[in-house]
Amino acid sequence: MSVNATDHGDSISPELMKKVKPAKWEEKPLVLNKRNFHWVTEKICGIVEQKTPTWWWWCFITAMGIASFTGLGLVYLVSTGVGVWGNSNPVNWGWAIVNFVFWIGIGHAGTLISAILCLLKQKWRTSINRASEAMTVFAVMCAGIFPLFHVGRVWFAWWLFPLPNSNAIWPQFRSPLEWDVFAVSTYFTVSILFWYMGMIPDLAVIRDRAKETWRKYFYGFLAMGWRNANNHWRNFEMAYLLLAGLSTPLVLSVHTIVSFDFAVANLPGWHTTIFPPYFVAGAIFSGFGMVLTLLLPLRAIFRLHDLITEKHIDNMCKIILATGSMVGYAYAMEFFIAWYGANSYEGFAFINRAFGNYWWAYWIMISCNVICPQLFWFKGIKNNIPLVWIISIFVNVGMWFERFVIANTTLSRDFLPSSWGYYSPTVVDIFTFFGTFGFFSVLFLLFLRFLPLMPMAEVKSVMPAADPHGGKH
Amino acid sequence: MDIKYGLAATFNSAKEIYDAAGKVREEGYKEWECYTPIPVHGLDAQMGVGRSKVPCFTLLGGITGFCTGMLIVWFMNAYDYPLIVGGKPYFSPIYPFPVFYELTILFAAFGTLFGMFFLNRLPRHNHPVFEHPSFGRTGDDKYMIVIEIEDPKFDDEETKDFLKSVGGKSITMIREPIDS
């Protein structure tokens with residue numbers, strides 16, 4: 001579809017337009033090869049309706065195997081005690097907080113795509129938003145495991161919620177950790193609501209095509225009797241817009257509150273006002289890394305090249321570049337303020353970060369988060385899909401190390417040199433974290449198998465055929 | 001046994017149903033509905049329906065959430081079991097900001113979803129339009145207008161001719177099976 005810049009201007013001041021000679025603006029279509037609505041339906045429903053492919057079973061079994069590491073790790077932890085993790089004084093948080101923040105951060109890109117890009121009317125979001133929202137929900141599930149088991153006696157974890165218990169004592173709302181409980185559980189619930197509501201029209205399509213009885217019941221139940229009526233769409237669109245509007249402040253608040261876990265503490269390296277925006281930018285950065293890591297293989301396996309086009313990948317690379325630069329700027333600014341603030345403890349914390357006992361983690365972080373995304377300035381790299389995929393993995397690695405650096409360098413070198421220590425994870429730590437990737441993959445594979453991978457109605461809405469005026473506004 | 005529900009006419013494009021919907025409204029029909037695979041831009045105005053009422057439910061949910069958040073913090077930390085922590089006040093609208101902020105959003109989101117369900121009268125797993133042989137295509141690439149026999153202006157022949165005149169194809173009477 002080519003839009004001529006003179007289309008609107010001509011009628012207003014033709015004389016001026018002749019003088020200015022505006023350039024033609026070529027807008028790349030969001031669905032390539034002039035596909036029609038029926039093709040989109042067949043493509044997306046086909047993924048759910050086809051016979052389970054062999055690769056899916058192999059991946060599923062492997063993922064289950066990996067997930068069992070988390071299962072075994074947690075069983076061992078619960079039956080023995082939190083001491084099986086490497087946490088010790090002064091590093092009491094260890095990998096648990098690192099993994100928690102890592103997974104929560106990954107979730108943020110899904111909400112950014114489904115909510116913020118929706119409010120900004122970025123039409124290219126349509127083909128990637130469903131899978132990203134699924135990623136959000138599953139990532140938050142992985143994140144929840146760590147604080148849940150870190151409390152020690154996991155059977156008392158419900159004390160985190162404001163429920164009456166036999167001690168007649170309530171949660172203490174002045175603690176950022178309690179704010180986190182509200183932020184994360186709200187985030188999880190609202191993400192599921194948003195994800196599910198967006199899926200209803202697509203579930204109805206699968207229901208109406210279903211031949212097997214179990215399919216009719218399963219999708220029929222989930223579709224809630226949706227009938228594609230204009231009245232339904234009218235309320236649905238309003239509800240979708242409102243949920244997008246609610247999710248936007250929500251997603252910004254979640255990582256802000258996660259950063260409060262650190263920033264409200266009086267420790268050098270943590271007690272800084274830059275944390276909320278810097279954490280949010282980092283979260284979106286890592287989330288987009290994960291979106292690319294997941295979607296590029298999917299695009300190849302399901303041949304979705306007409307729906308997830310090079311334009312989509314290019315846009316995602318640009319967001320990674322932008323947020324990666326923000327993160328880099330934040331690293332630099334932290335150092336500047338540590339020097340400018342002239343607080344010797346703060347100054348030490350930062351020198352220690354870069355050149356102290358965890359110098360290697362710091363430089364892995366810098367190379368993955370600051371240097372790597374800068375490669376996306378080059379068109380040749382953005383268009384090279386395997387290279388984009390590899391960089392996306394570096395982004396994920398880098399962001400895990402960022403949280404490791406923040407949490408551990410500060411804790412292992414606190415105010416009293418007598419309590420200084422060197423934290424290393426145990427095998428149980430490593431296995432439990434490794435297993436969450438399997439847990440995440442199991443959930444994601446089930447999503448691919450049983451739920452529509454893309455919002456069909458939304459993808460159709462951005463195609464030229466959706467325009468009731470035939471391209472003339 | 002079955003009873004008549006309404007006359008259905010299909011259309012092939014968003015433009016066709018957009019134009020046709022305007023004509024159905026001008027003709028004075030009241031009990032009718034468009035079935036479309038996508039939310040067609042501007043169809044609400046063509047059908048003469050107003051803005052959705054979902055925001056009322058969102059607001060209601062949001063206010064409930066805000067008050068709940070404030071109330072639990074005050075009740076738990078200042079009234080039922082006051083605890084001194086870090087020299088901070090028992091209750092203040094400032095420090096538990098994240099709590100009621102999140103609860104406002106949570107309840108507003110539930111209000112939005114359930115408001116949408118309520119206004120759409122869902123869940124409803126049976127509906128006469130599901131009896132139309134090609135109803136499933138309205139989720140794919142076909143558009144459909146159904147004029148119900150409840151409509152005061154409805155007349156088997158006249159309505160059929162009218163639907164044909166606005167460009168409707170394969171005009172079918174939808175019949176709702178009933179147990180007798």
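**View 1. Secondary structure of chain A.** Chain A of this predicted model holds 17 helices and 2 strands. Both kinds are DSSP runs numbered from the N terminus: helices are H or I with at least four residues, strands are E with at least two. Residues are numbered from 1 along each chain as its sequence is written, and chains are lettered from A and ligands numbered from 1 in the order in which they are written. In this predicted model, local features need pLDDT of at least 70, side-chain atom pairs count only at pLDDT 80 or more, and totals for chains, interfaces and linings use all residues.

**View 2. Overall dimensions of chain A.** The C-alpha trace spans about 75 × 65 × 45 Å along its principal axes.

**View 3. Domains of chain A.** The assignment gives domain 1 (1-30) and domain 2 (36-462). These bounds come from an automatic or database domain assignment. The C-alpha centres of domain 1 and domain 2 of chain A lie 42 Å apart.

**View 4. Strands β2 and β3 of chain B.** β2(B) covers residues 32-35 and β3(B) residues 143-148; they pair antiparallel over 4 bridges. Pairing requires at least two DSSP bridges between strands. B:C34 has B:I145 as its bridge partner in β3(B).
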